[in-house]
Amino acid sequence: MTGIVIVDKPAGWTSQDVTARLRRVFGTRRIGHGGTLDPMATGVLPVFVGRATRGVEFFEHADKTYEAVLRLGTVTDTQDSTGTVLEKRPAAVTEAEFRDILPKFTGKITQVPPMYSAIKVDGKKLYELARAGKEVERKPREITIFSLELLEFSGETAKIRVHCSKGTYIRTLCHDIGAALGCGACMETLRRTAAGEYTLADSVELDTLLNAERPEDYLRDVDTLFRQYPAVTLTEKQTLRCRNGNSFSIALPEGSYRAYDGQGTFLMLAKVRGGIMETVKSFFDV
């Protein structure tokens, strides 16, 4: 089986838990996921099956959209509600004050990665050091928050929608917003509503997938990963050169394309430069 399944990950599962179970469901060890979600998080988790795993590298830089609830007045060591509470303060913040702070966290900003993360320092994952009671200096990383909206506000909690670049830690964003407001905050819930081209509307609940008689029916063609690029049908001669890994002449403007053979089989993600088409990554069966 080959394709991409968009899983609506439930809380309590790691991304690796999901792929491990789906290896049995689809009968293959060749499975990978596009973008780790913390166990407490839910939502869009693209899983690549079979030869579609060749597309994971193109998904690594995809932007994401999340909906998160902040608990104002609470600071934890993990920056979310699963951690140990370090501080409790009055959440004396108005909705207007909360809205006013959001532009400071929009656009290109820097984040210091949390200690409870999988980033490695000197060969050791930060969360391993954190569990051993150690804290090390982390270099700030530049990220982009494309949009940041307030959806709900109760005085004690705030629900936000975040459209962001790869590498953004939403719990750190919540922590930093709380610090800027002076009351502190931690992330209480997190749901990923979109990842790259895929949204919750494309997803299937994990239980449905695990109990499906024909799980392959939920697999999307790998070319959906590149649907932002125009499609082109190759001639027989061009198809042969493509399958042999050779470039060839083609009358198309420069850019990226989805290339198909005459029977509609997706062959490759291709790039055209100076009237020459070459393979970026092939996806046909060999």
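This passage looks at three helices of a predicted model, α1, α5 and α7, and at how their buried residues are placed.

Five positions are listed as buried here, namely S15, V18, T19, L22 and F26. Viewed down the axis of α1, these buried residues fall within an arc of 90 degrees, so they line one face of the helix. An α-helix has 3.6 residues a turn, so residues three or four places apart point the same way. The partners of the buried residues of α1 are the strands β1 (3-9), β2 (31-33) and β3 (42-49), together with helix α6 (206-210). Just after α1 comes G27, with a positive phi of about 65 degrees.

T19 belongs to α1, which runs over residues 15-26. Its relative accessibility is 1%, and because buried means under 20%, T19 counts as buried. A polar atom of the T19 side chain lies 3.0 Å from the backbone oxygen of Q16. Beyond its neighbours within four places in sequence, T19 is in contact with I31, G32, H33 and V47.

Attention now turns to helix α5, which covers residues 170-181. At 1.5 Å a residue its 12 residues should span 16 Å, and the end C-alpha atoms are 17 Å apart, which agrees. The buried residues of α5 are I170, R171, T172, L173, C174, I177, G178 and L181. G182 follows α5 and has a positive phi, near 90 degrees.

Helix α7, residues 236-243, has Q238, T239 and C242 as its buried residues. Seen down the axis of α7, they fall within an arc of 100 degrees, so they line one face of the helix. What does the face turned away from the buried side of α7 carry? That face holds the exposed residues E236, K237 and L240. On the buried side, the packing partners are β16 (248-249) and β18 (266-273). Just after α7, G245 takes a positive phi of about 80 degrees.

Taken together, a glycine with positive phi is found after α1, after α5 and after α7. The buried residues line one face in α1 and likewise in α7.

Terms used
Residues are numbered from 1 along each chain as its sequence is written. This is a predicted model: local features need pLDDT of at least 70, side-chain atom pairs count only at pLDDT 80 or more; totals for chains, interfaces and linings use all residues. Side-chain values use heavy atoms; hydrogens and water are left out. Helices (H or I, at least four residues) and strands (E, at least two) are DSSP runs, numbered from the N terminus. Buried means under 20% relative accessible area, exposed over 50%, partly exposed in between (1.4 Å probe, protein chains only). A polar contact is a pair of N or O atoms within 3.5 Å; within protein, one must be able to donate a hydrogen and the other to accept it, and residues adjacent in sequence count only if both atoms are side-chain atoms. Contact means heavy atoms within 4.5 Å. The arc is that of the directions from the helix axis to the C-beta atoms. The expected span of a helix is 1.5 Å times one less than its number of residues.
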